[in-house]
Amino acid sequence: MLSSIERRVSATLRDVRGTAARRFFVDRQTGLWRSELAWLGVRSRDHARVTAVLDETPDTRTLVLEPPRGWVPHQPGQWTRVEIELAGVRTSRCYSLSSAPHDPELRLTIKRVPNGRVSGRLHALRVGDSLRLSPAEGEFVLPATPGPLLLLSGGSGITPMRAMWRTLQERDAADAVIVHHARTRADVIFAAELEQLARRRGFVVVVRLDDDPRGRVGFDEVALRAAVPDLAERETFVCGPPAMMQRVEAMGLARLHVERFTAAPRPPRALDVRAASEGAPQGVSLRIQGREGGRALSVRTDGTLLDQLEAAGERPASGCRMGLCRTCSCLKRSGTVRHAISGAISDAPDEIIQLCVSVPCTDVELGPVVRTPSDRRTNEVDERVKVHAHTPVKKVPR
Ligand SMILES: Cc1cc2nc3c(=O)[nH]c(=O)nc-3n(C[C@H](O)[C@H](O)[C@H](O)COP(=O)(O)OP(=O)(O)OC[C@H]3O[C@@H](n4cnc5c(N)ncnc54)[C@H](O)[C@@H]3O)c2cc1C
Ligand code: FES
């Protein structure tokens with residue numbers, strides 16, 4: 001008798017799994033209970049509570065957060081995926097942690113992007129609100145025993161640098177040059193902290209403003225080489241606007257680490273899903289492995305796998321949606337997909353692809369899809385995806 005009830009309950013759950021019904025009823029109720037518990041001071045396993053909101057510049061705010069229960073300290077430079085609900089749909093974006101691992105609280109420093117869906121909502125958060133965070137990820141991290149460093153940033157690209165310099169301060173053994181670019185003095189994020197840092201032993205701080213009448217606008221290689229004469233001996237970490245990053249990469253620095261917040265400009269082909277599917281049939285099948293035999297869908301060859309899986313009620317994990325963060329990495333068992341930005345083709349079996357920039361060209365079979373953080377335990381990382389994340393894909397001349 002019991003097993004027949006269990007069977008019926010599990011069949012019903014299977015029906016609502018991944019559907020709008022689940023999003024609107026189950027998830028929303030869970031969210032409501034979570035916020036009630038947050039107000040009562042009960043720490044959630046994957047939700048951080050806002051304990052302070054700090055205005056850094058006219059368009060940038062820091063959220064000071066009580067870490068989720070069981071949070072594993074991040075490495076300086078790593079990011080977390082923030083998930084919020086927008087019009088009933090869970091939406092996530094990546095944000096670098098601007099706090100250091102030894103800080104008692106977590107900090108996210110968020111620039112409000114004009115018409116930005118998530119950054120706008122995060123700017124509206126108040127003390128007591130809570131938001132879902134994924135475990136920290138990323139390879140843009142301070143070395144365990146760093147030598148001479150250059151931390152080079154522009155705009156909100158300074159956020160991972162703060163985690164790094166605070167860690168160096170704590171260790172009290174720094175040899176770091178910090179070069180930061182901003183439009184005007186009012187736009188310098190962490191301005192007061194940079195001023196204090198400039199007075200500390202082991203740190204040199206250079207702030208370059210676009211509106212400085214004495215200087216050239218934006219990043220300038222000549223000025224950088226003049227400000228950092230021993231540039232070649234320094235391990236360089238750079239994070240800033242795409243144009244600045246491109247120019248730094250073109251300098252050919254030997255030990256360069258790059259963190260991108262937005263995709264590099266590749267006009268006119270950025271996320272050009274139509275070009276990505278040129279010559280391919282219009283409808284193909286997509287099989288996803290999983291419990292109970294997985295799922296088969298019919299998908300189009302003019303859209304990314306991520307968009308189409310979401311439209312079909314699946315909830316694959318995603319972050320940047322631009323092929324940068326690898327949150328949506330998934331094992332492709334068979335079939336051919338084309339990278340919507342680079343045009344690279346993946347046609348060999350068992351290759352890791354990014355769902356957000358992969359457009360199907362033939363029938364495709366995927367391994368199990370990693371779900372949104374809500375389906376994972378805090379700080380539980382999918383090792384299968386992490387290990388294979390660097391599998392190269394073939395470049396095809398276009
Ligand atoms: C690894 C990583 C770490 C990041 N860390 C930070 C951080 O510490 N602080 C921070 O403020 N942001 C950070 N970002 C960027 C952040 O994830 C979002 O992309 C950004 O907040 C915009 O999201 P949105 O939903 O508000 O904008 P969307 O609604 O996605 O976009 C709205 C419009 O703005 C454009 N746009 C999107 N992002 C940007 C951008 N960054 N600058 C200019 N225009 C943009 C889009 O092309 C679009 O036209 C990081 C991104 C990555 C991949
Ligand atoms: S969501 Fe970031 S790589 Fe796909």
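Strand β12 (residues 283-288) pairs with strand β13 (residues 295-300) in the antiparallel sense, over 6 bridges. Strands pair where DSSP finds at least two bridges between them, and helices (H or I, at least four residues) and strands (E, at least two) are DSSP runs numbered from the N terminus. Val 284 has Val 299 of β13 as its bridge partner. The two strands form a hairpin with 6 residues between them, and Glu 292 in the turn has a positive phi of about 55°.

The structure is a predicted model, in which local features need pLDDT of at least 70 and side-chain atom pairs count only at pLDDT 80 or more, whereas totals for chains, interfaces and linings use all residues. Residues are numbered from 1 along each chain as its sequence is written, and chains are lettered from A and ligands numbered from 1 in the order in which they are written. The pLDDT, the predictor's confidence in each residue on a scale from 0 to 100, averages 82 for the protein, and 77% of the residues score at least 70. It stays under 50 over residues 15-20, for which the model has 8 contacts beyond four places in sequence; residues are in contact if their C-beta atoms, placed from the backbone, lie within 7 Å. Over residues 373-398 the pLDDT is likewise below 50, and this stretch has 44 contacts beyond near neighbours in sequence. Where pLDDT is low, the predicted coordinates should not be read in detail.

An open sheet is formed by 6 strands in the order β4-β3-β6-β1-β2-β5, with antiparallel pairing. Strands β4 and β5 stand at the edges with a single partner strand each, so one side of each is left without a neighbour in the sheet. Neighbouring strands of this sheet are turned against each other by 40° on average, direction ignored; axes are lines fitted to C-alpha atoms, for helices over the stretch in contact, and angles run from 0 to 180 degrees between N-to-C directions. Strand β3 (residues 79-86) is joined to β4 by 8 bridges, and Trp 79 has Ser 96 of β4 as its bridge partner. Strand β1 (residues 47-57) is joined to strand β6 (residues 130-133) by 3 bridges, with Ser 130 in β6 as the bridge partner of Arg 49. On β2 (residues 60-66), β1 makes 7 antiparallel bridges. Thr 57 stands opposite Thr 60 in β2, and β1 and β2 form a hairpin with 2 residues between them.

A further open sheet has 5 strands in the order β9-β8-β7-β10-β11, and its pairing is parallel. Its edge strands, β9 (203-209) and β11 (256-258), each pair on one side only. Here neighbouring strands are turned by 15° against each other on average, direction ignored. Strand β10 (residues 235-239) runs parallel to β11 and is joined to it by 3 bridges; Val 238 stands opposite Val 258 in β11. Helix α5 (residues 191-198) packs on the sheet and touches β8 (176-182) and β9, its direction making about 140° with that of β9.

Ligand 1 is surrounded by 22 residues, of which Cys 94, Gly 116, Val 118, Ser 119 and Thr 159 are the closest. A residue is near a molecule or strand if its C-beta atom, placed from the backbone, lies within 6 Å of it. At least two residues of the shell come from each of β4 (89-96), β5 (106-111) and α3 (117-123). Domain 1 (18-133) and domain 3 (273-388) each contribute at least three residues to the shell, the domain bounds coming from an automatic or database domain assignment. By class, the shell has 10 nonpolar, 9 polar and 3 charged residues. Ala, Val, Leu, Ile, Met, Phe, Trp, Tyr, Cys and Pro count as nonpolar, Asp, Glu, Lys and Arg as charged, and the others, Gly among them, as polar.

Note on methods
Two residues are in contact if their C-beta atoms, placed from the backbone, lie within 7 Å.
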